[in-house]
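Happy to walk through this one with you.

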Amino acid sequence: MKASSHDEFREFVAMRSTALLRLAVLLTGGDRHAAEDLLQIALMKAYGRWAQIEQPEAYIRQVMYRQQVNRWRLRRHSAETTVPVLPESGGETDTASDSALRIALWAALGRLTKRQRAVVVLRYFEDLPEAEVAALLRCPVGTVRSTAHRSLAKLRALVPELGPEGHVEQMRPLSYTSKGSQG
């Protein structure tokens, strides 16, 4: 890699790594270590092709989506930890507070399966159309629709404060910025 490309890559990582790490944390269900690994893999793949990449952030996001899909496909048969009864809440929560709702939603995202979490993140946090989500996850559009439906139902059950409409798309984490914006 030429010195100028190397400097461009370092500058890009310095400017965008925080926003990309937020996306990786969402994709991994809040597992910061797995998110850091996911981002590192995506950055390594981008580094090797840096001179040919026209839209680096889009390229890295796509690598992260696909890498995460590969992770849950390979670990399809791993046991998920489930509990028959939800634990009691630690105390009274202010359901009117957006931050309390975001925290509850964040915890609920971690309770979804990897596929459900990927669909919810791509559809509602990344605001991608169903066809694009299907292409990224390499599955039919119908699978995306049914997975999104089941995922939202599960989120509504886990976070009753979302209400019957389940406005997940309005509950982006406080520091999360949608694609295309600087953050």
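Below are some questions and answers on this structure.

This is a predicted model, in which local features need pLDDT of at least 70, side-chain atom pairs count only at pLDDT 80 or more, and totals for chains, interfaces and linings use all residues. Residues are numbered from 1 along each chain as its sequence is written, and side-chain values use heavy atoms, leaving out hydrogens and water.

Q: How many helices and how many strands are there in the protein?
A: Helices (H or I, at least four residues) and strands (E, at least two) are DSSP runs, numbered from the N terminus. From that end on, the elements run α-α-α-α-α-α-α. The count is 7 helices and 0 strands.

Q: At what angle do the axes of α1 and α2 cross?
A: Axes are lines fitted to C-alpha atoms, for helices over the stretch in contact (heavy atoms within 4.5 Å), and angles run from 0 to 180 degrees between N-to-C directions. The axes of α1 and α2 come within 9 Å, and their crossing angle is roughly 145 degrees.

Q: How many residues of the contact of α1 with α2 are nonpolar?
A: Among the residues that meet are Phe9 and Leu20 in α1, and Leu39 and Tyr47 in α2. Here Ala, Val, Leu, Ile, Met, Phe, Trp, Tyr, Cys and Pro count as nonpolar, Asp, Glu, Lys and Arg as charged, and the others, Gly among them, as polar. With 2 polar and 2 charged residues, the nonpolar number is 13.

Q: Is Asp127 buried or exposed?
A: Asp127 is found in the loop between α5 and α6. Although not a glycine, Asp127 has a positive phi of about 60 degrees. Its relative accessible area is 53%, so Asp127 is exposed.

Q: What separates the C-alpha atoms of Ala104 and Leu162?
A: Ala104 is in helix α4 and is partly exposed, at 25% relative accessible area. Ala104 and Leu162 are 58 residues apart along the chain, and their C-alpha atoms are separated by 9.5 Å.

Key. Buried means under 20% relative accessible area, exposed over 50%, partly exposed in between (1.4 Å probe, protein chains only).
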